[in-house]
Structures are given as structure tokens and as C-alpha cells.
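Please open the model in your viewer and keep the selection tool at hand. The stops below go from one group of residues to the next.

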Amino acid sequence: MHAKTTYIAQVLSISLIWIFVIAIAIWIINLLLISIELKDVPGASIGISIIVIPVFFVLAGILTYVFIGLHKEEKKIIKSSQE
Amino acid sequence: MPKWAMVIDLDKCTGCGDCMAACKLENNIAIVSPEEANVGRVMFWMDMITTYEGEYPNIKVKRIPKPCFHCDNPPCTRVCPVYATYKNDEGLVGQIYHRCIGCRYCMVACPYTAKVFNWYEPKWPDEFKSCLNPDVSLRMVGVVEKCSFCAHRLIKVKENADMEEREIYDGEYSPACGESCPTNAIYFGDIDNKESQVYKLSQSSRSYREMENLGTEPKVIYLSKRE
Amino acid sequence: MPKNKQLDFGQDAALYRPIYETGKGFYITVCVLLAVYLWALYLYITQVYYGLGVTGMNQPITWGFYIVNFVFFIGISHAGTLISAILRLSKAEWRRPITRMAEVITAIVLAIGGLHPILDLGRPDRMLNLLSDGRLQSPLLWDVTSITAYFTASTIYLYLPMIPDIAKLRDRGTKLKWFYNFLSWGWQGTAHQVKVLNRAINILMVMVIPIAISVHTVISYIFSMTLQPGWHSTIFGPYFVVGAIFSGIAALLIVMIVFRKVYHLEEYLKEIHFQYLSTLLLIMSLLWFYFTFSEFLTGIFGSQTHELHIIAYKFTGVYAPFFWGMVICNFVIPVIILSFKKFKTITGIMIVSISVVIGMWLERLNIVVPSLANPRMDLPLGIYIPSLVEWALFIGGIAVFMLGFTMFAKFFPLISIWEIEEGRKESIKDVEKRLRSYLPGKET
């Protein structure tokens, strides 16, 4: 039971980074749309968003990759010890 | 679209400072205490640059009125992080006080030091409070402000012209500084209109703009024989 | 060494001890730092209440200490992640006890530095305008995005290599078990887990380097994107990056020396680590001088009126003491002390590091203020005298850094335990193998 609450808390914390990254992407796209609407050098905004958005997603991706990688292994160990 | 511009004839200017006073009253610019003004927080939209040349008996004093130059290629609007300063189709560089976050990047970027900042909540003596101009919004603490070429007057002029179904005639729209000048040294009008006085004066051999090499294309043109 | 050993810490006792044994000194330090922080917070509240008038800024000099400290703190933050990433990437084995401290400096100082532009705002209540109406075209927004990216990357880069150590603390189980259990993500140290972690760290360290460089380049762009003389220069990007790494190494050395003393880490942070890092510091000092020299030579040789005004103001005007102080702190002292083996002791290195940190702060001051004090129009020279509020927020920022570092040291080991163990077990073999592969002849 205790292990399960910890696991849920961990999943929640990892989803926070995704909320953060998605919020940043939405923010940047919003600014991009404003600059297109106002014809306020949209080229610069497009250039920046093309670089920034993938960077944030890759960062969140790395964190999730480690999280999943570590937990798979832990489950295996618990299973084998139960058997 | 008209393109509003100002011509200041320095050969006619006596340096009396009437334009500064008229501007201050017209635009509800806060009155700063002398102590604050001495540390460089004085607020003028129309400033007066005073330079002294030569040694004591032969001093040459130069007085140059300096409003915001409403550059056609403004360095300030480019750096604003929140679109609080912008250039409109008629070439006026405006300031949105209610959006400004007070980062002062535009002041730093302006090569002409034309902008001022509200370091404290703006204050007026009691006598002034009853005669604030209702056409101009009051600023709040922590925002940047600057000369607007009296854009509120343009609105009125446009409304009048629309009502009478005619074009705005040359010289109808003039900011407070131009109107108050006792020697008529400040001209104002549409520089794209080849008939206007401002256009004709801007073609004079006496005309120059401040720091033309920067490519900011200021729309305030000085006339002077001296330079 | 305390005589009453209650807990058995095993081989790396010195690394565990600070986490489980709390002395009086810790509480005193925390209390003092908290008091300084609260004092600064109070003065900041007065600034929000009365307006920016409580600072020393004025009309031509519209940016002061806050922007200077912003650039300074962000510069310090390059200590960490960049250095540790470069050392990891170049497989420098002596990195093992250093990387963790460097990364912690980055994460904490970056958070402090990143908040400085908010201190500088006239209307902090309108911060959210950046979210709804921001202009990505403004260099300030480039900063917001790149600092956010760097902060995210460096916290992840701090956290991931810490997971095995957190698991070690969890397995001891005496303190905050649930907390370490939560943070350790089920680490058991199996071969697969090690592989996953190493792969992630490798990807991150490659990513972190360009992000870190972009951060300081973009900060220099705030200045160089304007037309102001003294700022409008293409050299500013690399110049700022070099300065940042320079001050970063100095800050790292100070922290290392202080915590080596306080936590008795002499076993881990040996003379050789300081020798290597200080050589790096010397190289950066020379590089910094080269950039400064070219920056001013182009200005003087081109001799544009306004550019010359500012250079004269720095060389001989009001700012001369700060300018020459900067040259002495950043170039003369480091080169003299670090070039001679006799002076290159721990004390000598400490003196150099402090002088470099002061010098780099002066450099930021020399960049920001003189350009603003000399307006291009024929206006009088500006005078800038920072007020108490600005000093308080500067000192407060340093206090928050120290507080953050002390608190971190209370909960996590300051030196990566598993990396040290890995070094003991595997690196010697690895390095030998690597060395053989460099040498001519067959690998065996």
C-alpha cells in the first residue's frame, strides 16, 4: 500500500513536468499567433519557436525515459523476489 | 495615410521654454519635486538641451527643444517585450501605459533619451488638480511615458474633419508646443503631402536631423544655419 | 573528527556525516542568512509599494544594480552545468568529486539570477502580460525562454546523477525515508538501470552545453541589440560567455574551498583538483583579457565620437577606479598568483577566486552603467549612486544562494558518492585501457 502511494505521487510529479512543457509550448504558440496577427516580425517568432519547443519536449522526454526505465526494472525485481 | 512630422526652426527659437510649459500642462505630466529633479528624475516630454561653448567672456549658449523624434524606424518599439510601445500607420510612436511592465528597455534603447519613467506615483499640487486635461490619460507609478505628438488632438481634428466631410487641412493638427511657441518656430504637418509647409521646410538647405547615421529616420527636423 | 561514532557510515563517512549530524554552526548560519533574506524582502516590499524611486536609478541611467546583478548571477550559474558537462564529455576522471557542487551552484544561482529582471520591473504586478501579450521578437523574451530552458535542463541534470545517491540514503532508512523513497524512483542499481541512467546523462550533457552557451549569449544580446555605443558590438556574445565561465569557475572554487574546510572533505577534494581547476581559471583569465583588449582596441581605433566618450569615461573618468579595479582583479592578480607554483596554494587560489568574482561583478557594472551615463544627445552626464534597497537586494541574493547551498548539503551529499565508487571500481581499468588505445602498437 505504502509503495503504491509513493508510486502515484511519483507519477503525479512526472506529469507536472509535462504540464509545464505543454504550457510553455502553448504560451509560445500564443505569442507566435499574436505576432502573425499584428504583422510584427513573425519570422523571428517562428524561428524561436522552432528551436525552443522541441528542446523542452526532449528534456521532458529524457526525464520520462529514465522514470519508466527505472520503474520497469524495480517491478521485475519485486516480482522475482516474490517468486 | 499622412505621415506627421515636426520642423523646429532653431534660427527662430529663442529658447524661452514656453513649449516645455505648454507640453507639461497639456499632457498632465507630473510635477517632480526639486530634490528628485536634481537626481535626474525630472519629467519633460518636450525637453530643452542646453549646451555652452567657449570660455567665460565668449560663451555661446545653444538651446535646442527636444521632443520624442517619432522615428520612422524606432529602436524602442523593437525591444519592447509586451508591445506597449508601437508605431502606427500615421508614423506616430505611441505608448500604452496600461500594458507597460516598466522594464525600461525602451528607454535604454532610445539613442535620443526621449523617454521618462514614473519613479514614484505622479503628483500634482492641489491647484493643478482642477485643471488636468481630460483628454489625456493619467499615468501610474512604474510606467514609461513620452511625447505623443499630442495624439489626442489628432482624434479631435479627425472628428471635426469627418463631420464636415473634408480632408484635414495643413496646420489644423498641431501639438501644444507648436501652438504655444511665441516665435512660431515649431511647424507641424504631413510630410508626405508635397504641398505642406513641413515638407517644404524639410527640403530647405538648413535642415538636418539628429544622428541620421543611425538609420532611425527621426520625424523631427531641425532648421539651423549654424550646423 | 568527532569521537562519538553513533552511526556507522562505512567507507565514505565524510560524505554521509553532514547529512546525519547537525551541529550548532548549521542553525546559526541558517538563522543569520534567513534574517538577511527577510531584511532584503522587507526592502523589496517597500520598493513595490513606493515605486522604483527608492532605488538610485534615474533618467539617463535607467538600468542599475538589478541588471548588473542579473548578468552577474547568471554568469556564475555557468559554473556548474557547463563545466561539469564539459568535464564529463571529455572523460576527465578528476571531475568525480566536483560535478555535483558545480551543478548545485547552477540550479540555485540560476533561480536567483532569473528573478532579477522581475526586481527591476516598475510594475511587477503586470508580469503576466508577458504570457498574454509577449513579443518573442524582444531580446528580453529570448532571455525568458532561454533561461527557462537552462533552468529546466540544469535541474534535470542535477537530479538524474543524484538518483543513485538518493537510493543510498533511502536504504540507510534513518532519516526522511519516505522523502528519499519518493525521489529515488525505485533505483536498485541493476545493470539495466545503470545503462538507462548513463544514456540519459549522456544525452543531457550534450544538450546542456549549447543551452548554457545560448543563455549567456542571449543576455549579451539584450545590450548588443540596441544601438548604444559601448554595447552595439558583435563580440559581446562570446565575450559574455567567456566571462560567465570565468566567474563560474571562480565561484565553484570558492564553494569547494569553503565546504572542504567545513565538512572536512580533504580526502576527496585534493590539492590536484584545485590545481587543475585553477589552471582552467588562468586560461579563462587570459581569454577574458584577450576579449577585453579587442573590444576596446576596436573602439579606440575606430574612434567614433560617442564610443570614445564612453571609453574615456571608463579609462579616466568617474568610472576609472572600477575599470582599473576590474583589470587588476580579473587579469593582474590571477596571472601573478596562478603563474607561479609557489603562490598556487589553496590560500592563493582562494584569493584569486574571490578577486575574480569581484572583478567580474565590476565588469558587469562597467558594461551597464557607463554606456547609459553618457547619453548621445548633449545632455549632462548621468550619476548613479545605488541606494540601500539595491545593496540589500544584492546582499539578499547572495544570502539566498548560501542558504540554498547549505540546505541542499543538509539533505543530499555534496559529492557524488556513486561516481566516486564507480571511479574506485572501474575507472582505473577503464583509463588504463583507454591509455593503451592512445599509444602506438596493438591494444591488449
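Begin by selecting Lys3(B), Asp72(B), Lys87(B) and Lys219(B), which in this predicted model are linked in a network of salt bridges. Over all chains, the structure holds 30 salt bridges, and a few others are worth a stop on this tour.

Next, select Arg206(B) and Asp9(B), whose side chains meet in a salt bridge with an N to O distance of 3.1 Å. Because Arg206(B) lies in the loop between helix H8 (197–202) and S9 of chain B, while Asp9(B) belongs to strand S1 (residues 4–9) of chain B, the pair ties together parts that are 197 residues apart in sequence. Asp9(B) is buried, at 4% relative accessibility, whereas Arg206(B), at 22%, counts as partly exposed.

From there, show the strands of the open sheet in chain B, where 4 strands follow the order S8-S1-S10-S9 with mixed pairing. Strands S8 (186–190) and S9 (207–208) of chain B stand at the edges and have a single partner strand each, so one side of each is left without a neighbour in the sheet. If you select S9(B) together with strand S10 (residues 220–223) of chain B, you will find them paired in the antiparallel sense over 2 bridges, and Ser207(B) has Leu223(B), in S10(B), as its bridge partner.

Now select Arg209(B), which is partly exposed at 28% relative accessible area and forms a salt bridge with Glu212(B), their closest N and O atoms being 4.0 Å apart.

Finally, move to helix H17 (residues 417–438) of chain C, where Glu432(C) and Arg436(C) lie 4 residues apart, about one turn of the helix, and their side chains meet in a salt bridge of 3.3 Å, N to O.

Note on methods:
Residues are numbered from 1 along each chain as its sequence is written. Chains are lettered from A and ligands numbered from 1 in the order in which they are written. This is a predicted model: local features need pLDDT of at least 70, side-chain atom pairs count only at pLDDT 80 or more; totals for chains, interfaces and linings use all residues. Side-chain values use heavy atoms; hydrogens and water are left out. Two strands pair if DSSP finds at least two bridges between them. Buried means under 20% relative accessible area, exposed over 50%, partly exposed in between (1.4 Å probe, protein chains only).
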